[in-house]
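This report looks at selected loop residues, with attention to backbone angles, accessibility and side-chain contacts.

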Amino acid sequence: MNKKKRNILWIVILIIVLAGAGGAGTVYYYFFTKQFRISKTTYIYIDRDDNIDSVYHKITEAGKPQNMLGFQFLAKREKYGDAIRTGRYAIHPGDDMRHLFRRLSMGYQTPINLTVPSVRTLDRMVRAVSRQLMIDSLDIANLLADSAYCSKMGYNKETLPSLFIPNTYEVYWNMSADAFMKRMEKEHAAYWNNERLKKAESIGLTPNEVATLASIVEEETANGAEKPMVAGLYINRLNKGMLLQADPTVKFGLQEFGLKRILNKHLEVDSPYNTYKYAGLPPGPIRIPSIQGLESVLNYAHHNYIYMCAKEDFSGTHNFAATLSQHMANARRYQQELNRRKIK
């Protein structure tokens, strides 16, 4: 082979090598290099209504990629648009398109921290939870209203608030309403371990009754240090067979939570939650009690108080009394201050 032919051959080989290297470089760039112009991990939320275009849009908005060609190629090849998985997915600053596509297509979600709050009504709890999850609030509400469903879990509409243990839980954003309820059942069982069950038994209460008393305690006082004192007072009254005479239960029965002053007409209302009329605990919790509230009952303060009255300084705490005469003196001071402030 003469020199001229050899040079032509080497040029052809060089062109092929360079072309191959260029193609390999292009493939490497689109699939294996960092594409996202973000300084910290961000998240996208893919729900039931998303399609391939909205997924592209969410990735672009959250990750600010230099281009989407690698992801789009993989999505088309794997027919991702026909099998989009809902969930919360992370985009890391160091991600390449191949890793992100694998995460989304395989459903490798990043969990969220779900806070179940201690609130006054189940409706409020449902709204708070649904704001944090993909679940529609109606999905949870329908289960809570399903007496057969709740009965299988061991609850009725009155005792159902005692199922929920307010706390922060790691869950997947796209969990179903049924999965949420089963998780709450699991967390309830975890909280009510043998030690706490024995404490409740020693007081003479079931877990549902502990939750009911805890809910009254929490409506009576927001002061954490005072809660075991209030719990001890009500336990004393229960043990003596006295009426609880708890104003918050009257408000609950009336569904008038804003009442600042309980009058005689309110005490005449015939409701199982009127603890001025009916002895013992009401049928169920008057709110979803917090863990602190539950613990205040399980570890109640031992004392001889059977009366309490809000302090006249409106600090949110109470004056306690062991005798009726002491209590009446405390009550007079409080009533005088109500009158002075013209609170009706």
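This is a predicted model: local features need pLDDT of at least 70, side-chain atom pairs count only at pLDDT 80 or more; totals for chains, interfaces and linings use all residues.

## Positive phi angles

Most residues other than glycine have a negative phi. Lys 64 is not a glycine, yet its phi is positive, at about 45 degrees. Lys 64 sits in the loop that runs between α2 (52–63) and α3 (69–77). Its relative accessibility is 45%, so Lys 64 counts as partly exposed.

Gln 245 is another non-glycine residue with a positive phi, here about 50 degrees. The loop that holds Gln 245 lies between α11 (227–240) and α12 (247–254). Gln 245 counts as partly exposed because its relative accessibility is 35%.

## Surroundings of Gln 109

Which side chain makes a polar contact with the side chain of Gln 109? The partner is the side chain of Asn 174, at 3.0 Å.

Neighbours within four places in sequence are left aside in the following list. Gln 109 is in contact with Thr 86, Gly 87, Arg 88 and Tyr 89, and also with Tyr 172, Trp 173 and Asn 174.

Key:
Residues are numbered from 1 along each chain as its sequence is written. Side-chain values use heavy atoms; hydrogens and water are left out. Helices (H or I, at least four residues) and strands (E, at least two) are DSSP runs, numbered from the N terminus. Buried means under 20% relative accessible area, exposed over 50%, partly exposed in between (1.4 Å probe, protein chains only). A polar contact is a pair of N or O atoms within 3.5 Å; within protein, one must be able to donate a hydrogen and the other to accept it, and residues adjacent in sequence count only if both atoms are side-chain atoms. Contact means heavy atoms within 4.5 Å.
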